[in-house]
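Subject: Handover of a model and notes on its architecture

Dear colleague,

I am handing over the structure shown below, followed by an account of what was found in it. Please read the notes with the coordinates open beside them.

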Amino acid sequence: MTGNCLKILTPISSSKPLLFSLLSKPTKTQFKTSSSFVLSVKMSYHKELAAAKKAASLAAQLCQKVQKVLLQSDVQSKSDKSPVTVADYGSQALVTFVLERELPSEPFSLVAEEDSTDLRNDGATDTLERITKLVNETITSDASYSVPTLSTEDVLKAIDSGKSEGGSAGRHWVLDPIDGTKGFVRGDQYAIALALLDEGKVVLGVLACPNLPLASICGDYHKSSNNEVGCLFYAEVGAGTYMQSLNGSSPVKVQVTAIENSEEASFFESYEKAHSQHDLSSSIAKKLGVKAPPVRIDSQVKYGALSRGDGAIYMRFPREGYREKIWDHAAGCIVVTEAGGVVSDAAGNPLDFSKGKYLDLNVGIIVTNQKLMPKLLKAVKESLEEQSSSL
């Protein structure tokens, strides 16, 4: 059960062999999943994936530059009290710039976290000029585009391209320009997370994780001979998940862990307490017999690490009233499912990215491999019932 980021596909009903069916319908083929809903899949998103990888990689360059010299003036607070940096805005503007130029013939719709409202205030002139300078410097350093220097208004328009509401019709890019801004500000883990929805289904995803080591983060990875930092994960529906260095090393195909014994499992959870109830996760881990302490990391870096087998379980149980946004999970979802994992809400329902900016789901999100999911769902159900009865 992999929800809207699907890997395993079977023909709906046909007397013809699968190969014949695919050849007779070269652009689109309908499939059914074990959860009994229909998926219409375009056979290839190679061009879109290449554009997404380039966009996320360039945005990562900008973010790395900002994090190295992070100034207090580079951090502001949004109306919801979460921090936002010049890198968030710059990353979003860059991704828009790259996607529009790499895919000029396609209608452009972007569902993204940031907008330019605060940057249009009188007191934000210096911040806006710094963002514009960073965007232009990054474009120039890449040398792929011969374009005039972008103005502040160009950058504002690029940021505001992310105002789409998404939905089940057509194509929509989904972006979190810096997922894990608090981690970014601390000098810790963060990700540039970019995904593409087609008819409400996630069909590709890219996670640029500038501070994630290429070696496993489980165990004594500090002793590894490979101390290189900066990973790019990417996945296309039906084509698996790959990881490479942000510096451009050859990609390697990755798979989730094959662990079947929950006592041997390790689990990830959100660093921020507002994003996950650590006491609930602890109760679930205890029921599973998990011996290892939780690994707490900001952002969708957790999805990337899980996709290559660094851990076995990811649990996220936000506090009451918190609404999950699609940009916090779309890219990570397909990166894990194409690596053989399973992503669902706490009741085992697939995540539905077709309803707009928010995910309507049961309590929380759980991620693991196919062998461990039944045990995890049972432990989650029991722990939630105990929590409810104690209120």
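**Overall architecture**

In the protein chain, 71% of the contacts with a separation of 6 or more are between residues 24 or more positions apart, where contact means heavy atoms within 4.5 Å. This is a predicted model, in which local features need pLDDT of at least 70 and side-chain atom pairs count only at pLDDT 80 or more, whereas totals for chains, interfaces and linings use all residues. Residues are numbered from 1 along each chain as its sequence is written, and side-chain values use heavy atoms, with hydrogens and water left out.

The protein chain contains ten helices and 17 strands; these are DSSP runs numbered from the N terminus, with helices being H or I of at least four residues and strands being E of at least two. Of its 391 residues, 53% count as buried, a term that means under 20% relative accessible area, with exposed meaning over 50% and partly exposed in between (1.4 Å probe, protein chains only).

**The seven-stranded sheet**

Seven strands form an open sheet with mixed pairing, in the order β6-β7-β8-β9-β10-β11-β12, and two strands are taken to pair if DSSP finds at least two bridges between them. The edges are β6 (110-112) and β12 (252-254), each of which has a single partner strand, so one side of each is left without a neighbour in the sheet. From one strand to the next, the twist averages 20 degrees.

The hairpin of β11 and β12 has six residues between the strands, and G248 in its turn has a positive phi of about 100 degrees. Four of the five residues of β11 are buried, so this strand is largely enclosed by the rest of the structure.

**Helices on the sheet and against each other**

Helix α3 lies across β6, β7 and β8 (191-198), running at about 150 degrees to β7; axes here are lines fitted to C-alpha atoms, for helices over the stretch in contact, and angles run from 0 to 180 degrees between N-to-C directions. Helix α9 (residues 330-337) lies across β7, β8, β9 (201-213), β10 (229-236) and β11 (241-245), at about 95 degrees to β9.

The axes of α3 (residues 86-102) and α4 (residues 125-142) come within 9 Å and cross at roughly 45 degrees. The contact is made by residues including Y89, A93 and F97 of α3 and R130, L134 and I139 of α4.

**A loop residue**

N362 is found in the loop between β16 (341-345) and β17 (365-369), and N362 is partly exposed, with a relative accessible area of 33%. The C-alpha atoms of N362 and D345 are separated by 5.6 Å, although these residues are 17 apart along the chain. Leaving aside residues up to four places away in sequence, N362 touches D345, A346 and A347.

With best regards
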